[in-house]
Structures are given as structure tokens and as C-alpha cells.
Amino acid sequence: MSVDTSSSRPVDTSRPDGHVDGGDAPQNGRLGPLGWLRWGWRQLTSMRTALMLLLLLALGAVPGSLFPQRSADPNGVTQMIARDPGAGRVLEFFQLFNVYTSPWFSAIYLLLFVSLIGCVIPRIRHHAKALTAKPPVTPSNLARLPAYQARELLGHDVQDVLGELHRDLRRQRYRVARYTDHQGRPSISAERGYLRETGNLLFHIALIGVLLTVAIGAGFKYTGQRVVVEGQTFVNSRLAFDSFDPGRFVTDASLPPFSLSLQSLKVSYVQNNRNAIGMVSDYTAHVTVTNKGGGVSRSTIKVNQPLSVDGNDIYLLGNGYAPQITVKNPAGKVVFTDTVPFLPQDANLTSLGVIKIPDGLAKQIGLLGFLYPSEVNSTSGASFSNYPALINPVVSLNVYTGDLGLNSGIPTSAYALDTSKLTQIAGPSTPVHSLTLTPGKSVELPNGLGSVQLGAIPRFASFEIAHDPTQYPMFGFAGLVLAALAAALYVPRRRVWIRAEPKPGGVVRLEYAALARGDDPRLDAALTQLSNFAHQKGTS
Amino acid sequence: MTPLLDQISLILAYSVIAVYVCAFIGYTLDLGARASAAVQAEAPALVAAAGATMLAPPPQLETSPPRAGRGARAGFALAILGMSLHLAAVIVRGVAAGRVPWANMFEFSLTGSLLIMIVFVFVIRRTRLMILGPIVTGLVVILLGIATVGFYVPVVPLPPALQSAWLVIHVLVALLATAFFGIAFAVSGSQILAAWQEKTHRLRGRAARVVAALPPVEKLDRLAYRLTIVGFTLWTFTLMAGAIWAGRAWGRYWGWDTKEVWTFIIWVVYAAYIHAKATRGWTGNRSAWLSVIGFAAVMFNFAVVNIFFSGLHSYSGLK
């Protein structure tokens, strides 16, 4: 987007600022390598290329909304590939599951930014010159300009009138210069609205700032998720997270060692609106925090109301129930006891949980549990939950025996049970019914393997702990983008010329002309204001 | 109390549709009348232009637009009446809900279409661009029709994710930006039609005269640009406020959620529109098409993304 600054060619003032000389074809048929390079650079930094890249960027962002993305919806990607492996491979080949980090998408925006930098640098130079230069010499034929008026004044001194107009223009923050042409006619040349181009340049610079902040910030930020059951404590360290996503430069020492205990998670349900019975109206996690200095404080975390501790923000992202499950061997010895977070499957918190017992019983067993917070039976006999609070909680367990796959060294999810090497011994498709438990109740496992007991059913909260040192620079650049954009779009940049010509009989003929640089809805109005001003001064 | 107010708001919304349909008819009749008048008016206008002199008293800022005909005056009066009922419907819905009336699809449409009407009235008062009358009232009737029939949900309290001051500002500014883009779309559409007719003369008879009564293409182009830059500024704010809210609610300010993606696409399309205005070969008709594409993306983002795409912004309230 180079602006011609050479004085040999007249600058085309009828074009808006930031106007671009579109595809300049090489003037000479034969170009050296340097010539081609220069030609290529001019192509890349032309407005037409920038426009094409903008359109490509918009188009390139579309597939990321049509196909599930690994970053936002990894399960969706897995399911899609499982459903149609062939299509999955094709999509994978074009990186359509990772659009926004893919080389082709990156190429578009990086080229766009290179083009932008190539455009902005010469414009900064040009603008710096314009900021220190005098307004241009008054053109000889003002009537040819887009806004033009001529009026005559009687019985006034030419210099007095021009002086008044000069002061008025200064009051309106025009930069003013006085010229006299070869016929001896005095004129005023004025220009205003340099802020328009300043804003335009700052807007683009701030966008570069945003991109750099994102790029640099990615190395220093981290996010981690952790499920915490009521009564449990979590210590901020890499190993304590269920999942952790650190930037390149994050080390273990980057994590301040605060700890967080979840005292309780209070959930309120809508009760007075029959259209929303059972809808959650509020989640409040009551927590106790020990910061890295050892200070202990009680606090709350809500959705939309994170808690800030030692430069980390703690968000409440999810919740559910974590039934207390105890498994004993036939001799009555406890082989497993823990609160097991069950993952919610629907709005009424029907939840799914997995318990794996590799040791202590005659065989390895796996339990696949369903929790119904308010269990009712459908006419077909199937259980479901009709309310998310614990009104009539029931846990039903399907029991499997065999190889849990925990000894192979391959990491497995704690929330999934791989049943491929397991034999089901209780639940649907076996002669034995699922084990049904209510709080405090204990039932025998099939085949005399032992017993299972359900204790209390506390809630769990799933927290996200995030550290992002780029928040404030980002905020600054975003503010600059908006302010600069407003200046670039709404500050009118215009040139105004006024020429005075003494006529016989004490008449002064005043010609007013104006030229908008960029959109300027009030160009004519500005001229009329000036000519009226001179007329009033003249007649008073 | 709430269900009663909710019903009153819905009945008001139905009445608004009826009144806007009448406004639409008024504006359409006016276009017809204007088309017949255009034939007779052409000759004197030419004479007047030739008679202007440079030493004449200061010219009017804008050549004074033609006086509104009876149909247009009726259309305008009905539009104002409809807007008062519309405003009442929005306020009653807000009172029924005990919060801002823009938290689900029905409410977005109800409030958003009111904002479109407000921007429309403002623009038509200043420009007398009468073709906006049938286009905008027609568009709003369709929007409100879909909203009342397809999107209506009874008032329910806000889910925790929407309990934030950002709901007030982020969504309101997004709707306002949409209103500006919508009117700009109507202007750009007229511009494309006028340019097409100028080039091909494919339209004949009354339709041709309706198009001939439009202001010059350049004037439409400038108007569309001025509306779009306001929309673009508001949209930039929407995008940023959304990012700040996302940072507050989800722990990251940008995550390429479906809604974020489309908000970004729309921003880039309108940025391209503004750049096209300064690119040789792209001014005029081509940039007008970008404005049309931009508004199509806005509507897609509003309707299709809210209802059919999964993502964190699934706030249609529809099940």
C-alpha cells in the first residue's frame, strides 16, 4: 500500500488516504533478480493483495466452524474420525481439525501482516513528512475542486478579510499557510484532520501489537484443570492437575504454590418458574485459600466471578456428584474407598462413573456406575433422573472382571473403562441384575468376590487455573485499536483554499474550495460555514 | 405476574407485525406513485440544473430531496406507531423477565429488530431514501414473524453463565451493530440494483421507474459506507467486549468457539469492505457486494450458528 511520495509525479489528491496503487506491472520487460524482488514486494504490499488476503482470511476461518476442532472439541474430532475414517483422513490431511494453528491458515495471516507492515512503514514516513510540511500551494483553478463557492464582498480590505478567515480556520484547528500567486492574488491554504491518518497508522500498529502479544504470551501462559470434591484440597503444582497445558517457557517454578480447599459447592435451582423447574440459577463454591506467603482466607468462586490468587485466576467451570464408594473383600477388609467423581450426562445430572479395583480381590474388577440424583422408573422399567438435586439418589453398578489394562504401562483415562478384555458379570446382557445402591446401603458382588457400599454423595467442582501475563498489554492494545479506529474513520481530513481577488469598485471576490481526503460528509457544510463567516464579518 | 406480562409482550409483538405490514404497504404504494411522478418530473429538473450559476447565493448543503408522498407519509406514521408498540413489547418483556430483554433468540430478534427500525427512521429522516421503507419494514416483518413463531420461549431466569454485566453491554452493542449493517445492506442492495439497471436496462415499465427514482449510485455508495463504518466500530467493540467477557467466564479471551469464529469472519469481511473502498477496481459495485456478503454472514451467525452449531454460545433458549 505504498503512497507515492516522489515530487516528480503529482500526488493524486483525489484519492483517499491509504490509497494504493494496485497492480503495477513491471515497466520494463526485462527485470533483474532485484527488480523482480522489488516488484514482488510491491505486489505483496499493494492494497489489492491486502484485500485478497483479508477475503482469504475470512474464507479460511469458515471450515473451523464446520468441523470440530481439537483445541475446542477433541471428543468431536474422535467421534467424527470413528464415524468415517476415510473422510477423517482427508480432513486430517488438510488440517481441518486444527484450522487455526495449521500452516495454511498461519500463512494467510502472516502474509497479511507482512503486507500490512510493508504498507505502514512508508506511510509512517510519508505522514511524518506531512505533519511537518506546510499546507500545499493553492491550485490555480479552484472551481475544478469537488466543493466550490464564490461570493463577493463590498467595501472591505482584502487582507482584513483574509486575516479574519485565517483566525477562524486556526480556531477550527486547521493548519494554515498564506500564498500569493504570480498574478498577485493572495490566498489561504489550510489543512486539518491529520489525526485521521495518525489513527489509521496506530490502528494497524496496534493490530501488530495484538498479534505479537498473542504470539509471545503463548509461551508464558498456562491453564490446568482439576476436579476437587467437597472437603478436598488442591495444591497448585503441575502434578496435581488432571490436565495441564503450559506454554513453552513455563517451568515448575512458574507455578506459585498456593492451595485451595473446597468447603462446599452450593447450587440453587429455580423453583418459582414452572417453565424452568430444575434449572440452575446459581453455583457458588466456598473455598479456603492458602496463598504462597502462607496467608489463609475464605472466599467464593462463581461462574463469571473467578478468584485471583498469586497471579492465577481460578474459574469454576463444571460440577457434578462424587459418590463415596467402598469395596471390601469377602473377609470384610476394605480394598478401596474413595469419592469418585461421576461425569454428568444430562441436565438432570444422570452421571457416569468408573471404579477400577486392580488389587485386593480374587480378580481385577471394574465397575461402571450410573448415578440418578432423583431416580424414577419409566414405564419400560429403565431408570432416569427427573431432577438434578439429590432427592432420591440411586447408584446402579455394572460389574466386569478380567484385565483392566493397568499393568501394561499405557496411560488410561480414569473416567473410561475399556471393556474389550473384560467379562461382564452383572448388569444388562447378563443374568445378574445391576447392583443397585442407595446411600448407606451395601450389596454383595456376584460370584462371592466381596461387597460394595455407597456412602455420602458430596459434590465436586471442576476448576480451571489460568495464568496469562498478556492480559494487560492485550487490554492496552485493544483499547488503542478502538480509539485509533474511531479517529481513522470519523476525523475528517480536508484541505480548504480561499483566494481573494480585488475587483473594481471596492468589491472583493472570494473563492472557496475544499477537497476531502477520505470520506467527509460535511465538506460542503464546512465551506458554507466559512463563506457565511466572512460575509457576516464583512457586513457587520 | 410474569406469565401475564410475558403474554402481553407477545401480543404486542403480534400487533407490531400487523402495523409494520401496513407501513410496508404504505411505502410500497409510495414507490409506485413515485415511479409515475418520476416521468413528469424529469424535464424541469434538467432546466434547474442548467440555470445554476456559480455566483448564486450559497447553495443548499444537499440538494433537497423530493417531498414524501401520501403513501410514504402514511408508511412513516405507521412505522412510528409500530415502533412505539415495539418499544412497549421490549420493555414489558424486560419487566417480565426482571432483566435486560436480550438473553435468548426471541429476545435478540425482538430487541434487535427494534434497533433496526430506530436506525432506519434516523436514516430515512436524513436522506429521504424512500426505497429503504419497503425493504426495511419487510425485513423486520420477516424477522419478527420468525421470532414469534419459531423462536418464542417463555421467560426463564438467566443461567449462571449469562449472569454478568457484560450481557448488557456486549449483546446490546452487537445488536446495534447488526442494525447498522442491516440498513447498510438495504442501501448496498439498492445500489447494486441501480447499477445493474444502469448497465443492462433489463427492467422495464414501473419497475424501471422505481429504480430510476433512486438517488445516484455514488450517493448510495457513500451512504452505505457511512452506515457500515459505524457498524464496524460497534462490531469491533462487540468482539473485544466478548473477548473480555470470555476471559472472565471461561479463563481465556479467545478460543475459536463457533460464535467467536463467525464474529471474526464478519469483522474481517467488513474490514475488507472498508479496504475495498480504497482499492482501484473494487469501489462501487464490488464493495457493495461485500456489504451484502457481510450482512449475510451476520444473519448466518445470528440464526444458523445459534441454533444448529454446538458451542459455548448456545443461548438460543430453544430445545
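Begin by selecting Phe105(A) and Tyr109(A) in helix H6 of chain A, which spans residues 103-132 in this predicted model. The two residues lie 4 positions apart in that helix, so about one helical turn separates them. Display both side chains: the ring centres of Phe105(A) and Tyr109(A) are 5.9 Å apart and the planes meet at 65°, so the pair is edge-to-face.

Next, colour these two residues by accessibility. Phe105(A) counts as buried, because its relative accessibility of 2% falls under 20%. Tyr109(A), by contrast, has a relative accessible area of 23% and is therefore partly exposed.

Now extend the selection to Trp104(A) and, on chain B, to Trp254(B), Trp256(B) and Phe264(B). Together with Tyr100(A), Phe105(A) and Tyr109(A), these residues are linked by ring pairs into a cluster. Over all chains, the count of aromatic pairs comes to 22.

Two further stops concern charges placed over rings. Select Lys221(A) and Tyr253(B): the charged end of the lysine sits over the tyrosine ring, 5.7 Å from the ring centre. Finally, move to Arg175(A) and Tyr194(A) within chain A, where the arginine lies over the face of the tyrosine at 4.3 Å from the ring centre.

Key
Residues numbered from 1 in each chain as written. Chains lettered and ligands numbered in written order. Predicted model: local features only at pLDDT ≥ 70, side-chain atom pairs only at ≥ 80, totals over all residues. Heavy atoms only, no water. Phe/Tyr/Trp six-rings, centres within 6.5 Å; stacked < 30°, edge-to-face > 60°. Buried < 20%, exposed > 50% of the residue type's maximum accessible area, 1.4 Å probe, protein only. Lys NZ or Arg CZ within 6 Å of the ring centre and 35° of its normal.
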